[in-house]
Amino acid sequence: MRWRRWWPRGSRMATRAPGRAHGVIAPDRRAAAEGAGPLAGVSETEWALARARMVHDQLERRGLREEELLHAFHRVPRHLFVDSDDPYGDRALAIASGQTISQPYVVAAMTAAARPPGGYRGARVLEVGTGSGYSAAILPEMGAQVPTVERHASLGAEAVERLRRAGYGDVKIVVGDGSLGWPEGAPYEAIIVTAAGPSVPRPLVEQLSPDGGRLVMPVGTREQQWLTVVERNGSAFRQREVEPVVFVPLVGEHGFRE
């Protein structure tokens, strides 16, 4: 679909709401992730073969062929981020706190759509909705600097442990209202929102870099949304809808209510 010009209403940067301060989960506050280890009896060689099949069958065959993106999905051990006997399957998986981890293709498509003009290497990228931590691992594998915001403290703590086990302990996990973004790290070359909102939160677009920053998120009702891309150039914003999707709701001041 074609881009259309779009400006957020108002110009004031939204700040934290009272009682909704963000907090960073430090390594010494990690939760012991029950069942967070790999499935017993499966070797790393077998997992590597499963990843290779996933990349070929689910990503390349559907048109995602950027070498850097495919390399990241070959490298990141998805089986360390979910408790499933089919972690590389072509489907979303349930995780704790009533959340989900998207199927590999959706994670890859969102990552590709949010790619900054200069690529991910060295880019500042905000993720909203840490979940299991899998998407947050893909981004540093591509060279990005990543803070990620999670509303559920227990889920964030578990993600810290999973990321550490997978070798991505430098990812900063922030507990707070993701619809407010994380102004401390702004501006961002890319923002990826892994939960659906009724509209694109103004604080997020205002935290985008004015030099071609991109935001990708599902927008719509609780039942169905469109994967939406917003691009910022200076004070102007363009928005386009990519494809229909269904995600868990983004709950917060600029999202859905509980």
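Student: Which residues have the most contacts inside the largest nonpolar core?

Tutor: A nonpolar core is a set of buried Ala, Val, Leu, Ile, Met, Phe, Trp, Tyr and Cys residues joined through side-chain atoms within 4.5 Å. Buried means under 20% relative accessible area, exposed over 50%, and partly exposed in between (1.4 Å probe, protein chains only). Here the largest core has 53 residues, and Leu59, Phe73, Phe81, Tyr120 and Tyr134 have the most contacts inside it. Helix H3 (104-113) gives the largest share, seven residues.

Student: Before I go on, what sort of model is this?

Tutor: A predicted one: local features need pLDDT of at least 70, side-chain atom pairs count only at pLDDT 80 or more, and totals for chains, interfaces and linings use all residues. Residues are numbered from 1 along each chain as its sequence is written, and side-chain values use heavy atoms, with hydrogens and water left out.

Student: How many salt bridges does the structure hold?

Tutor: Look for a side-chain nitrogen of Lys or Arg within 4 Å of a carboxyl oxygen of Asp or Glu. This structure holds 13. In one of them, Arg151 pairs with Glu258, with the closest N and O atoms 2.8 Å apart. Those two residues are 107 residues apart and link distant parts of the chain.

Student: Is Glu258 buried or exposed?

Tutor: Glu258 is exposed, at 76% relative accessible area, while Arg151 counts as partly exposed at 33%.

Student: And which residues share salt-bridge partners in a network?

Tutor: Asp83, Glu158 and Arg162 are joined into one network that way.

Terms used
Helix = DSSP H or I, 4+ residues; strand = E, 2+ residues; numbered from the N terminus.
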